[in-house]
Amino acid sequence: MEAPPDNDVLWARSLHFTHRDGSPALGGVTLGVREGEILAVSGPRGSGKTTLLHCLSGLVPTQRGEVWFNSVAVHTMGPMARERLRRDRFGWIDPAPVLVPELNVWENAALPLMLRGTSRRRAKVAALEWLERLDIGDKSRCRPHELTQAERQRVCITRALAPAPSILFADEPTAPLHRADRAHVLRTLTTAARSHGITVVLATHDPDTAALADRRISLLDGRRITTVHLPPPTDPEDRSTRPTGQGTGPQGREDAPQSREAAQQAGEPRPDGRDRTPQGHGVGAGSRGAEPEGQGAACSLSV
């Protein structure tokens with residue numbers, strides 16, 4: 001078993017995963033994420049982005065392959081160890097907001113901190129600070145059912161950022177938001193991650209969202225792909241690159257006359273129908289051109 005590179009906080013090799021119905025989700029994905037990096041995993045819906053995040057975060061065990069976090073083999077951990085890892089070191093944002101209905105906004109945002117053992121007072125201070133950053137501080141005492149869909153998603157993002165996780169996994173985090181809210185939330189998320197040294201693995205099919213990341217990888221049908229831009233095809237019949245005045249014979253030989261004047265000197269008829277061959281000059285059956293001047297006269301005298 002090969003250890004991951006030292007500069008990668010998260011590393012995966014040859015990840016394979018198949019759904020219960022037998023359909024493949026991942027087909028040998030390998031990647032590395034550096035500490036403090038924002039990595040976007042892009043691709044169309046159904047390309048395996050969510051499944052990849054589930055395997056990297058330990059939410060589901062890998063069927064084949066390896067996942068390492070800070071040189072710790074996540075793929076060998078049991079369910080309880082993976083749960084502690086997610087609670088203490090990882091953060092998660094779902095595409096749809098899920099909150100505890102019995103708790104108010106700040107209690108929902110502070111819940112991961114209190115589960116780690118942080119005092120209620122300190123957890124509340126940290127939660128309120130992040131709620132203000134995400135423009136939802138005035139709703140801190142509201143219940144989830146009193147909020148809009150976009151406001152509930154802001155609370156979920158606050159809940160993920162407040163504990164300052166080592167790695168934040170965000171699966172389409174701005175999907176429920178309008179375009180104006182989306183830009184603000186993404187700027188807040190990326191700025192907070194960089195200022196606090198949080199590594200972010202962001203799954204998105206939106207190119208504008210992926211453009212905010214430090215680096216991007218693409219998935220298609222569960223495999224990493226690389227886009228190659230090929231030059232436009234050229235016309236095989238294009239003769240623009242051939243030397244001027246040259247042609248190609250039936251057998252590929254360049255045996256055409258070099259110019260119109262050469263063709264006329266070789267005995268080809270003029271456009272007006274008169275022969276260009278000088279009177280008294282003859283062209284032999286096997287000759288490829290006109291005789292030099294004077295040689296034709298010599299031949300006629302010898303006849």
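Which helices and which strand each supply at least two residues of the lining of the largest pocket? In this predicted model, whose residues are numbered from 1 along each chain as its sequence is written, local features need pLDDT of at least 70, side-chain atom pairs count only at pLDDT 80 or more, and totals for chains, interfaces and linings use all residues. Side-chain values use heavy atoms, with hydrogens and water left out.

The contributing elements are helix 2 (79–89), strand 6 (90–93), helix 3 (105–115) and helix 5 (149–161); helices (H or I, at least four residues) and strands (E, at least two) are DSSP runs numbered from the N terminus. Helix 2 gives the most to this lining, with five residues. Of the 26 lining residues, Arg86, Phe90, Gly91, Trp92 and Pro112 are the closest to the pocket centre.

Four strands form an open sheet in the order 2-1-4-5, with antiparallel pairing (two strands pair if DSSP finds at least two bridges between them). Strand 2 (24–34) and strand 5 (72–73) stand at the edges with a single partner strand each, so one side of each lacks a neighbour in the sheet. Strand 1 (residues 8–18) pairs with strand 4 (residues 64–69) over five bridges, Ala12 having Val67 as its bridge partner. Strand 1 and strand 2 pair over eight bridges, and Gly32 in strand 2 is the bridge partner of Trp11. In the hairpin of these strands, which has five residues between them, Gly22 takes a positive phi near 95°.

Conventions
1 Å grid on protein atoms, 1.4 Å probe; cavity = no way out; pocket = protein on both sides within 12 Å on 5 of 7 lines; lining within 4 Å.
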